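Please keep the sequence and the structure in view while going through the numbered points.

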Amino acid sequence: SAFTRGLTTVRNSIPDPATIASTTKSALATARSTTTHVTKTISREFKGLTSSELEQVMLKATRPDDTPVKGKHVERLVGVTYQVSGRFDLYSSVLRKLWKKMLEDDWRTKIKSLYVLHRFSSDGAPDHQQNLKLRLRELRRSRDPKTKEKYFNTKLFLKGTVTADNKAFRDFLARYAHYVFLRVQTFSGMFIEIAPPDTPPQRNERPSKSKSPQRPTPPTPPSSPLPSRQVLEGAKLLCQSASQACVLKDGEVCENTAIAVERIAADMIGLTTAVAVSLNRCLKPHKGSAASAPPKLDAVLVKEWCEFYSTELLPQTRMLVKRCTPQLDAYGLFLPGRMGSSVSKDLLQKGLSYGDDDVVAEEEEQEKEKEAVVEDKEEKPPAASASSEKAEEEEEEIEADEEDEYEEYDFEDGDEYYDEEE
């Protein structure tokens, strides 16, 4: 009947429940992802409006987009370290905020947060450098109360959605994170652990009564110009990490990775310059000092620093600069053409053979002492014979004196005898 046919048509037009369920789930997932993205964007913008100026700049600097960190944002963040006294703990809150950004899923926010931390380490105020190293070490040993994991944990940092588009960038992100964490915990911005700055001359603020102008005293070099073996091991590790992180493989080249590589190359140039300055101070006498002779140093340590500079640091730095220059030029990033201070070949050869002359001189002195002892032993028998000859001469003189006395005694008795007979 017509009624039955109508019911059949209505029943056939109703979709399958499984199809309805799958369509509903996909629609809900799409709406959820879209809503989440919009909500995060609105939350970020709202947080930027209601937060402090420092947080606003940090939010703008770590946006999850392809635009690299702007220079004005970095200058504003790093400039805070020069405005706040070194007595205040500035990095305790800054590091926690950066760690929150590093935990976000987007790899672009992660690499931008790493880049900001890198710039804090390399360009921050010297008064806060030691505090930055100590705070990062303490946080890496402590746990985040929210995640129950340690701060700046590399495994937790690398977590996130891996796709075919971002897999190559995440590989570079792992190498760059290892380098930045090592650099921040080991060295300050200008590598003063290797080449500490000269002590500035002390000027007398009181005006002098004499009319003749006073000559300013030259700056004095540091008391111990040669860094320790622990600093040497840290420099070797940083050089190895930089040689791995500074290489952009296929699919890793973009503007965000290029600015990171530019900072790594600049660090290597600064490290090479600092080691060269330190070696020049060790191997050259300071002109302004009273004693022109260089201080006595550990010969083995001097040789190790010279070998590291000549065989590892300087060749690798030159190779890195040469390799990454074409990639950086494409984005308008340029590296300095010169390394700054360098060590001459003669001075480097002197450092590689440092201590050999002292050993030779000591051996010559020992040989001279042995020869002097042998000569003394050879001269002692003639001295003994001379003393025996003197003793014999004295005995002969004593015997001659006794004979003379005896003869005089006999002659006097004879005279008395003849006088009695008469």
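1. In which helix does Gln129 lie? Gln129 lies in helix H7, residues 129-141; helices here are DSSP runs of H or I with at least four residues, and strands are runs of E with at least two, numbered from the N terminus. Because its relative accessibility is 6%, Gln129 counts as buried. Buried means under 20% relative accessible area, exposed over 50%, and partly exposed in between, with a 1.4 Å probe and protein chains only. Leaving aside residues up to four places away in sequence, Gln129 touches Phe120, Ser121, Gly124, Ser188 and Gly189; a contact means heavy atoms within 4.5 Å.

2. On the basis of the note: this is a predicted model, in which local features need pLDDT of at least 70, side-chain atom pairs count only at pLDDT 80 or more, and totals for chains, interfaces and linings use all residues. Residues are numbered from 1 along each chain as its sequence is written, and side-chain values use heavy atoms, with hydrogens and water left out.

3. On the chain as a whole: it contains 14 helices and zero strands. Of its 422 residues, 33% count as buried. The accessible surface comes to about 27200 Å², and 53% of that belongs to carbon and sulfur atoms; such areas come from the Shrake-Rupley method with a 1.4 Å probe, and for residues only the protein chains shown count as cover. Among contacts between residues at least 6 apart in sequence, 77% join residues at least 24 apart.

4. Lys148 has a positive phi of about 60° although it is not a glycine. Phe152, also not a glycine, has a positive phi of about 55°. Is each side chain's residue buried or exposed? Lys148 counts as exposed, because its relative accessibility is 58%, whereas Phe152, at 0%, counts as buried.

5. On helix H9 (residues 167-186) and helix H10 (residues 229-245): their axes come within 9 Å and cross at roughly 155°. Axes are lines fitted to C-alpha atoms, for helices over the stretch in contact, and angles run from 0 to 180 degrees between N-to-C directions. H9 and H10 are therefore roughly antiparallel; angles over 145 degrees count as such, those under 35 as roughly parallel, 65 to 115 as roughly perpendicular and the rest as oblique. The residues in contact include Phe172, Tyr176 and Leu182 of H9 and Leu237, Leu238 and Ala242 of H10. By class, this contact has eight nonpolar, five polar and two charged residues. Ala, Val, Leu, Ile, Met, Phe, Trp, Tyr, Cys and Pro count as nonpolar, Asp, Glu, Lys and Arg as charged, and the others, Gly among them, as polar.

6. On helix H6 (residues 107-123) and H9: the two axes come within 10 Å and cross at roughly 25°. H6 is therefore roughly parallel to H9. Among the residues that meet are Trp107, Ile111 and Leu114 in H6 and Phe169, Phe172 and Tyr176 in H9. The contact of H6 with H9 is made up of 14 nonpolar, three polar and three charged residues.
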